[in-house]
Amino acid sequence: MSLRGKTVLLGVTGGIAAYKAVEVVSRLRKLGAQVRVVMTKNATEFVTPLTFETLANHPVVTDTFARPETWDVAHISLAKEADLCVVAPATANILAKLAVGLADDMLSTTLLAAKAPLLLAPAMNTGMWTAEATRRNVETLRARGAHFVGPEGGFLACGDTGAGRMSEPAAIVEAIEALLARRETLSGVKVLVTAGATREHLDPVRFLTNESSGKMGFAIAEAARDRGAEVTLVKGSTTAPVPEGVKVVQVVSTQELYDAVTSLAPEADAVIQAAAPADYRFRDVSDQKIKKKDGGALTFTLEETPDIAAAVGRMKRPGQVLVGFAAETENLLAHAEKKLASKNLDFIVANDVTQPGAGFNVDTNIATFLSAEGANPRPLQTKRQLAEDILDEVEKRLKGKQ
Ligand code: PMT
């Protein structure tokens, strides 16, 4: 694949595998990419900046406070310029810094500001790689959408044998090519995503809702954005950080979600409904806070809210792909199958929300894709990874309908 027109920002941190990053630069240049190298101070102890400078044909940045030749804010311009950020080798230290958002040198500062996808090629001692702290940092970064290549198992420079060897330059460049190619796959495609919980008010201070954090829908919106789609995210109440680079429409109740989605759906090529709308609302809503009744019972009547997915299913136009979710606590596949048919969906993502690591307000999920072709169970994976699987399926179906 030609990488002409692409700019890769390569961060090199201080590990013995830094010498292998030299070959990564050389391979990327041969494929036509522009490479901008940022080295940490420790990395310069292993390989000189001059080596990278010569191969990249561009000055290497090592110091946040160096006087620039041309006046711009270097870490911001580097961050904006990159189509992809790669850190190879990525030490345990940089993984920790990225996980918490530390910005104390040129590389961590640049990566914090960057919006481009991030690929990490870890390299460290097995004990460091398997340490609880590193495991958690890797999980955090994965959940945030970072991609990993390696590390591989084998003989390590410290004399140990085990996981921790940086992937070979050829494998790193292959991963870079795959990520850069993937960015284009939904370019020009309009994706409408719903996320979060709705609130059905009883009075100004009380409402009916559920535990949805928005993480699942946000992961889909981010993954679609990273594939170049034009994403509109209709969100109810959420606790997770709202994605950047997508159009956000805020709603409160299921009726508002219904109004927003049914007005936006005709424009969308794909509609993915990960929101958890309340199925019931209070028939009578009080304008004022309801007062206690001196021990008397409070009774109220609930009525059904409109079914958004079913309405979108009725207005489905040719070529459009509709995806729903099913959140179940029993008979997962049987209930999901009914929803697949009644909502006229192309496929439904069924999750048993009672399973540990699945459903509401966690970073992972366990799902089965159900469609006319049958059931496709997915493993326990991060919501971002599941989002990628959902989008692979959406892309296949969009192509099939052209
Ligand atoms: O947000 P998180 O904390 O990450 O949690 C993720 C999740 C558990 C919310 C998500 O994975 C999920 O399962 N979302 C669907 C929740 C839900 O409402 O499921 P349901 O089986 O009740 O509804 C089936 C489908 O119909 C869903 O696509 C839902 O968006 C839609 N629906 C439901 C009710 C309604 N009135 N109108 C609808 O369109």
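Let me start with what I mean by a cavity: on a 1 Å grid over the protein atoms alone, a cavity is a set of points where a 1.4 Å probe fits but cannot get out, and a residue counts as lining if it has an atom within 4 Å of a point. Grid points are joined across faces, edges and corners, and a volume is the space filled by probe spheres set on the points.

Quick housekeeping. This is a predicted model, where local features need pLDDT of at least 70, side-chain atom pairs count only at pLDDT 80 or more, and totals for chains, interfaces and linings use all residues. Residues are numbered from 1 along each chain as its sequence is written, and side-chain values use heavy atoms, with hydrogens and water left out.

Okay, the overall picture. The protein chain has 13 helices and 21 strands; those are DSSP runs, helices being H or I with at least four residues and strands being E with at least two, numbered from the N terminus. The C-alpha trace spans about 75 × 55 × 45 Å along its principal axes. Of its 402 residues, 49% count as buried. For the record, buried is under 20% relative accessible area, exposed is over 50%, and partly exposed is in between, with a 1.4 Å probe and protein chains only.

Now, the cavity. How many cavities of 30 Å³ or more turn up in the whole structure? The search finds one. The largest cavity holds about 60 Å³ of space. Ten residues line it, and those closest to its centre are His-147, Leu-179, Arg-182, Asp-226 and Arg-384.

Which helices supply that lining? At least two residues each come from α8 (169–182), α9 (215–226) and α13 (383–400). By domain, at least three lining residues come from each of domain 1 (7–180) and domain 2 (190–400); those bounds come from an automatic or database domain assignment. By class, we have three nonpolar, one polar and six charged residues in the lining. In that scheme Ala, Val, Leu, Ile, Met, Phe, Trp, Tyr, Cys and Pro are nonpolar, Asp, Glu, Lys and Arg are charged, and the others, Gly among them, are polar.

On to the rings. Rings of Phe, Tyr and Trp (its six-membered ring) pair up if their centres lie within 6.5 Å; planes under 30 degrees apart are stacked, over 60 edge-to-face, and the rest tilted. That rule gives two aromatic pairs. One is Phe-282 with Phe-300, edge-to-face, at 4.9 Å centre to centre and 85 degrees between the planes. Phe-282 is in strand β14 (residues 280–282) and Phe-300 is in the loop between β14 and β15 (302–304), so the pair ties together parts 18 residues apart in sequence. Buried or exposed, what is Phe-282? Buried, because its relative accessible area is 7%. Phe-300, at 44%, counts as partly exposed.

Then there's Phe-347 with Phe-369: their ring centres are 5.4 Å apart and the planes are at 50 degrees, so we call this pair tilted. Phe-347 belongs to strand β17 (residues 347–352) and Phe-369 to strand β19 (residues 367–371), so to speak distant parts of the chain, 22 residues apart, linked by the pair. Both of these Phe residues are buried.

Phe-369 comes up again, with a charge this time. The charged end of Arg-378 sits over the Phe-369 ring, 5.9 Å from its centre. The cut-off there is NZ of Lys or CZ of Arg within 6 Å of the ring centre and within 35 degrees of the ring normal. Elsewhere, Arg-135 lies over the face of Trp-129, at 4.5 Å from the ring centre.

Ala-88 to Pro-89 is a cis peptide bond, omega near -5 degrees, and Pro-89 is in strand β3 (residues 84–90). Another cis bond joins Gly-150 and Pro-151, with omega about 5 degrees; Pro-151 is in the loop between β5 (147–148) and β6 (152–155).

Two Asn residues are worth a look as well. Asn-331 is not a glycine, yet has a positive phi of about 40 degrees, and is found in the loop between β16 (321–328) and α12 (332–342). Asn-361 has phi near 60 degrees, also positive; Asn-361 lies in the loop between β17 and β18 (364–365) and, at 37% relative accessibility, is partly exposed.

Notes. 1 Å grid on protein atoms, 1.4 Å probe; cavity = no way out; pocket = protein on both sides within 12 Å on 5 of 7 lines; lining within 4 Å.
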